[in-house]
Amino acid sequence: MATDQRAKADTLSLRQRLLSSSCRLFFPEDPVKIVRGQGQYLYDEQGGEYIDCINNVAHVGHCHPLVVQAAHEQNQVLNTNSRYLHDNIVDYAQRLSETLPEKLCVFYFLNSGSEANDLALRLARQYTGHQDVVVLDHAYHGHLSSLIDISPYKFRYLDGQKEWVHVAPLPDTYRGPYREDHPNPAVAYANEVKRVVSNAQEKGRKIAAFFMESLPSVGGQIIPPAGYFSQVAEHIHRAGGVFVADEIQVGFGRVGKHFWAFQLQGEDFVPDIVTMGKSIGNGHPIACVATTQAVSRAFEATGVEYFNTFGGSPVSCAVGLAVLDVLEKEQLQAHATCVGSFLMELLRQQKAKHPIIGDVRGVGLFIGVDLVQDEATRMPATQEADYVITRLKENYILLSADGPGRNILKFKPPMCFSLDNAQLVVTKLDAILTDMEEKVRSCETLRLQPCSVKHPPGSTGPGCRAAAGSRPS
Ligand SMILES: Cc1ncc(COP(=O)(O)O)c(C=O)c1O
């Protein structure tokens with residue numbers, strides 16, 4: 001197979017000629033050409049095997065044979081739109097409903113996370129009759145115009161904040177205003193949302209929705225304090241708005257203990273709208289919005305049809321069903337708990353050894369390693385994170401950094417990521433950090449710089465235009 005392929009340099013130059021440079025590559029100085037994927041592994045054109053620690057889209061593993069087979073079999077029989085009766089779409093809606101609280105019982109099928117959040121926005125506005133949205137700082141909710149507007153992660157580098165958008169602080173108990181030593185960070189952060197809502201109302205604005213990722217990922221692998229969601233929901237409901245939980249990166253059992261990440265906040269909390277994407281189709285473009293009868297009825301009352309050409313097709317639904325089957329058969333949720341706890345434990349040992357690791361946080365296979373310049377100030381170690389990631393890639397481990405300071409190493413691997421993978425990745429990380437510390441010690445001037453450490457262009461620090469808002473994945 002490899003002989004039929006273009007040389008890597010040719011692929012790169014064709015890509016540079018034909019594709020917009022806005023569509024960025026990982027490791028732009030030395031991009032990786034990937035030709036095959038299997039389970040938690042990706043293979044380059046030379047047969048090099050990489051451990052994939054970041055692809056939460058290949059949820060049950062790259063090219064899982066049962067998912068591939070389901071798509072292939074359904075493709076051979078029928079693939080059409082959802083205006084005809086078909087069992088797959090109803091079977092799939094039924095299976096998804098079994099994973100959710102009873103109240104979330106109406107489903108819309110779409111093709112991407114962005115489409116799901118855009119529909120959530122329309123539903124919220126139609127149901128409430130209001131226009132405005134409260135979002136968390138540094139959030140990303142998709143690439144459509146409507147979603148760039150509610151994504152501080154992007155709009156801060158574009159046209160800025162629209163008058164109908166209101167930004168509340170991230171409930172980050174490591175670096176935010178209320179930290180681990182605060183007696184009740186959940187209430188304190190929820191009160192920030194209340195304050196943002198009140199300020200908006202004083203200007204005559206009316207809140208349609210509060211959007212948040214159930215675990216803010218682009219914001220830096222944040223684990224919101226328990227109780228935050230229900231407190232926020234109270235404030236938002238009182239303002240006449242709805243709570244939208246974006247589960248696009250974090251749903252489908254990734255957190256281990258629960259199928260949905262919002263469930264980490266307790267049984268009593270139920271969002272009004274849940275949006276799903278990425279992992280839902282293991283790479284096939286599927287997305288979904290689940291909501292209540294009340295919200296859906298308000299949308300239906302317009303009399304306007306909701307039609308989505310590809311959304312909910314027999315093939316998409318066959319794939320979605322296969323993903324759920326694999327999750328169950330291979331007990332991947334329990335696996336995420338087991339491997340995630342092991343990985344967290346190994347990473348905590350690294351924190352004890354390397355002062356650059358300021359915090360290790362996570363749940364299941366959603367883990368962040370927060371690199372800091374100084375334990376006391378918790379200043380993001382942006383360049384160091386970039387260096388670590390580049391070195392890991394040289395060691396055939398794919399990891400990325402995110403967060404406002406692009407200093408949080410984020411683990412969100414396919415759910416089949418193993419104990420051995422965890423051990424190997426942490427061993428390599430340990431070696432890289434040890435070596436880096438050596439270099440820094442022997443370097444009299446600025447930390448890593450002249451000591452033969454490569455930095456890709458644009459990695460100049462937190463908030464820099466080139467580095468920020470690049471690519472959530
Ligand atoms: C939290 C979150 N919401 C929404 C989206 C948009 O999903 P998509 O790229 O499938 O449109 C993303 C994509 O990165 C995301 O991370």
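Confidence in the protein is lowest in helix α6 (residues 152-155), with a mean of 94, and highest in strand β9 (residues 273-276), at 99. The score is pLDDT, the predictor's confidence in each residue on a range from 0 to 100. This is a predicted model, in which local features need pLDDT of at least 70 and side-chain atom pairs count only at pLDDT 80 or more, while totals for chains, interfaces and linings use all residues. Residues are numbered from 1 along each chain as its sequence is written, and side-chain values use heavy atoms, with hydrogens and water left out. Helices (H or I, at least four residues) and strands (E, at least two) are DSSP runs, numbered from the N terminus.

**Confidence**

- The average pLDDT of the protein is 93, and 93% of the residues score at least 70.
- Over residues 450-473 pLDDT stays under 50, and the model has 57 contacts beyond four places in sequence for them; a contact means heavy atoms within 4.5 Å.

**Sheet β1-β2-β3-β13**

- Four strands form an open sheet in the order β1-β2-β3-β13, and their pairing is mixed; two strands pair if DSSP finds at least two bridges between them.
- Because β1 (34-38) and β13 (397-398) stand at the edges with a single partner strand each, one side of each is left without a neighbour in the sheet.
- Strands β2 (residues 41-44) and β3 (residues 49-52) run antiparallel and are joined by three bridges; Tyr43 has Glu49 in β3 as its bridge partner.
- Across β2, β3 and β13 lies helix α13 (residues 419-441), which runs at about 100° to β3. Axes are lines fitted to C-alpha atoms, for helices over the stretch in contact, and angles run from 0 to 180 degrees between N-to-C directions.

- Six bridges connect β11 with strand β12 (residues 366-371), and the two run antiparallel; Asp359 stands opposite Asp370 in β12.

**Ligand surroundings**

- The ligand is surrounded by 14 residues, the closest being Gly113, Ser114, Asp246, Gln249 and Lys278; a residue is counted if one of its heavy atoms lies within 4 Å.
- Helix α4 (residues 113-128) supplies the largest share of this shell, three residues.
- An N or O atom in the side chain of Ser114 is 2.5 Å from an oxygen atom of the ligand.
- For Asp246, an N or O atom in the side chain is 2.8 Å from a nitrogen atom of the ligand.
- A polar side-chain atom of Gln249 is 2.8 Å from an oxygen atom of the ligand.
- On its own the ligand has 390 Å² of accessible area, of which the protein covers 89%; such areas come from the Shrake-Rupley method with a 1.4 Å probe.

**Arg95 in helix α3**

- Arg95 belongs to helix α3 (residues 87-99).
- In sequence Arg95 and Leu324 are 229 residues apart, and in space they are 8.1 Å apart, C-alpha to C-alpha.
- Not counting residues up to four places away in sequence, Arg95 touches Leu321, Leu324, Asp325 and Glu328.

Key: A polar contact is a pair of N or O atoms within 3.5 Å; within protein, one must be able to donate a hydrogen and the other to accept it, and residues adjacent in sequence count only if both atoms are side-chain atoms.
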